[in-house]
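Reader: I'd like to learn how to read a few backbone features in a model like this one. Could you walk me through them?

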Amino acid sequence: MSGFSADWLALREPFDAAARAAATEASLALWAKGRGGPLRIVDLGAGTGANLRHLAPCLPVAQAWTLVEHDPALIAAGEARLPATGAVRAAYRRADLVAELEAVLEEPCDLVTCSALLDLVSADWLERLVRIVRARDLALLAVLTYDGRVHLEPAHPLDEEAIALVNRHQRTDKGFGPALGPEAGIALARALHGAGDAPLLALSDWDAGPGDRAFQRALVEGWAEAASAIAPERAPAIDSWRRDRLRAIEAGGARARVGHVDLLRLPRGQGRAP
Ligand SMILES: C[S@@+](CC[C@H](N)C(=O)[O-])C[C@H]1O[C@@H](n2cnc3c(N)ncnc32)[C@H](O)[C@@H]1O
């Protein structure tokens, strides 16, 4: 349904965790502690719950999470791993973020978060999100938004073309209208700045080394598929690039750095929600 398999989400989870910007998390944790009281958190596009698994232990307060997701297979996989007891409660809400964003965020909420979602959304959808967050003065933590920067080693003559095609593919419709793709992080920062906020923006790049073969293979396969889909006339060249890159990965000399950004907005009131 969503095109995101639980296997892929599991493969990327440790790279996401290592990449997430410490500064935004530390600021959020300080805010949560200073504000006191339990935090009601809505995670948009939650997948199998990776954002919950990473963020919950970083926040020094009791938490009630709503994990919003539309894919029943991901919900089933995530439900099996939800915390059962303790200071963190969590439940899935099955909803379509395109049709139901406003309804989803009508529930009591202090922090809206999302991980690896915003590059899929359109400018219109992002505007809807910003409108709600500002109108209700909510905290917002949007992490791991792909920003289009990819650095691969060893260098290959087709790297630049392949990644440019990937970035074109990133802008196609992923269910939300024409996607912002690599522009999403900066578009969110601009929208918030333009409205008078001062969000914190930090890099959260993936860094995969020679030992990370399975992850690097999955990246290259995914990129080759996207590049060939957007430029079928270049499919043979992209396939030879793919085979060369896979050989370099197997030989143990490949690295991949993939650019992402994390953004944090804290409520202007800074206070405790009623
Ligand atoms: C790249 S995955 C990230 C999943 C998870 N946040 C993580 O970090 O592992 C994007 C997620 O957004 C979900 N998604 C995409 N479009 C959606 C929509 N219209 N409504 C609800 N969820 C959606 C997908 O099913 C998928 O779980």
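Author: Start at Pro154, which sits in the loop between β5 (139–153) and α7 (159–170). Helices (H or I, at least four residues) and strands (E, at least two) are DSSP runs, numbered from the N terminus. Residues are numbered from 1 along each chain as its sequence is written. And keep in mind that this is a predicted model: local features need pLDDT of at least 70, side-chain atom pairs count only at pLDDT 80 or more, and totals for chains, interfaces and linings use all residues.

Reader: What joins Glu153 and Pro154?

Author: General idea: most residues other than glycine have a negative phi, and most peptide bonds are trans. Here, Glu153 and Pro154 are joined by a cis peptide bond, with omega about -5 degrees.

Reader: Is Leu144 buried or exposed?

Author: The idea is to count neighbours: a residue is buried if 20 or more other C-beta atoms lie within 10 Å of its own, exposed if 12 or fewer, and partly exposed in between, with C-beta atoms placed from the backbone. Leu144 has 28 C-beta neighbours inside 10 Å, so Leu144 counts as buried. Ala116 is buried too, with 20 other C-beta atoms within 10 Å.

Reader: Which residues of helix α4 are buried?

Author: In α4 (residues 72–79), they are Leu74, Ile75 and Gly78. Seen down the helix axis, they fall within an arc of 100 degrees (taken from the directions from the axis to the C-beta atoms), so they line one face of α4. On the other side, Pro72 and Ala76 are exposed.

Reader: What covers the buried residues of α4?

Author: Contact means two C-beta atoms, placed from the backbone, within 7 Å. The cover includes α1 (6–19), β2 (63–69) and β3 (88–94). As for β2, 6 of its 7 residues are buried, so β2 is largely enclosed by the rest of the structure.

Reader: How do I read the pairing of β2?

Author: Two strands pair if DSSP finds at least two bridges between them. β2 pairs with β1 (residues 39–44) in the parallel sense over 6 bridges, and Leu44 stands opposite Val68 in β2. β2 and β3 also run parallel, joined by 7 bridges, with Ala64 opposite Arg89 in β3.
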